[in-house]
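Hi,

Here is the structure I promised to pass on. Please have a look at it first; my notes on what turned up follow below.

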Amino acid sequence: MSGSALALGVAELGLTLSQQQVADLNAFLQELERWNRVHNLTSVEGEQASIDLHLIDSIAILPIMREFLPSTPIQIADLGSGGGLPAIPIAIAQPNWSISLIEAVRKKTAFLQNVKGKLGLGNASIYSDRVEHVASQEPGKYDAVISRAFTSLDRFLDLAEPFLKPGGLVFAMKAKRADEELLAVSAERWQLLADRFVVIPNSTAERRLLVFTPHAKITH
């Protein structure tokens with residue numbers, strides 16, 4: 001995708017990014033495609049159009065995230081980061097947010113470290129470790145947790161909870177049909193704050209962003 005086409009896609013999402021941010025997004029796409037030919041980081045198998053869809057898919061949720069999160073510096077954890085989606089595009093587009101990318105597969109974290117260095121992403125931290133282990137080391141550190149196609153919704157919420165500060169938020173990126181997964185979520189433990197459909201420009205793909213916060217625990 002050329003820089004101008006990418007800029008158009010960003011504009012259609014209602015986002016305002018600098019020329020440098022658009023250039024960094026394009027550089028990330030190129031690196032992802034280059035590494036994917038050898039390391040199979042994602043299932044896109046080198047199809048540029050699919051990678052573009054992944055990128056636009058990642059930043060399409062930003063307007064909703066901005067409704068719930070301040071533009072001031074905050075800490076976000078991306079669980080099961082894989083090839084850096086959605087964390088790297090979000091880190092590029094929202095430099096005030098510090099994002100920890102947690103991924104257990106070494107070839108994927110090697111790619112993430114490479115991208116962080118090439119783009120100079122000082123607000124991104126890479127953890128080459130299991131999610132559960134990082135949670136035990138840094139409990140209650142994060143304002144928000146996010147994931148894209150990492151695991152089932154109830155499992156993701158279980159993994160996310162230890163990371164959160166009191167009142168922290170969980171952003172779950174799902175396909176449009178997520179009703180069955182929602183039924184498995186405990187209403188006693190979690191409050192659903194938002195259930196938004198996200199339309200991807202120039203695509204028939206539709207996504208869904210679910211926003212949760214844990215109910216405050218009652219102590220006696």
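**Fold and contacts**

Among contacts in the chain between residues at least 6 apart in sequence, 66% join residues at least 24 apart, where contact means heavy atoms within 4.5 Å. Before the rest, a word on the source: this is a predicted model, in which local features need pLDDT of at least 70 and side-chain atom pairs count only at pLDDT 80 or more, while totals for chains, interfaces and linings use all residues. Residues are numbered from 1 along each chain as its sequence is written, and side-chain values use heavy atoms, with hydrogens and water left out.

The chain has 9 helices and 7 strands (DSSP runs numbered from the N terminus: H or I of at least four residues for helices, E of at least two for strands). Its radius of gyration is 17 Å, close to the 17 Å that the globule rule gives for 220 residues, so the chain is as compact as a globular protein of that length. That radius is taken over C-alpha atoms, and the rule is 2.2 Å times the number of residues to the power 0.38. Along the principal axes, the C-alpha trace spans about 60 × 35 × 30 Å. Of the 220 residues, 51% count as buried, meaning under 20% relative accessible area with a 1.4 Å probe, protein chains only.

**Aromatic pairs**

A search of the whole structure finds 5 aromatic pairs (rings of Phe, Tyr and Trp, the last by its six-membered ring, with centres within 6.5 Å; planes under 30 degrees apart are stacked, over 60 edge-to-face and the rest tilted). One of them joins Trp190 and Phe212: the ring centres are 6.4 Å apart and the planes at 80°, so this pair is edge-to-face. Because Trp190 lies in strand β6 (residues 190–199) and Phe212 in strand β7 (residues 206–214), the pair ties together parts that are 22 residues apart in sequence. Both partners are buried: Trp190 has a relative accessible area of 5%, and Phe212 has 2%. Elsewhere, Phe28, Trp35 and Phe111 form one aromatic cluster.

**A loop residue to look at**

Where is Gln94 found? Gln94 sits in the loop between α5 (87–93) and β2 (97–103), and at 8% relative accessibility this residue counts as buried. Leaving aside residues up to four places away in sequence, Gln94 touches Leu62, Arg66, Ser71 and Asn123.

Best wishes

Notes. Buried < 20%, exposed > 50% of the residue type's maximum accessible area, 1.4 Å probe, protein only.
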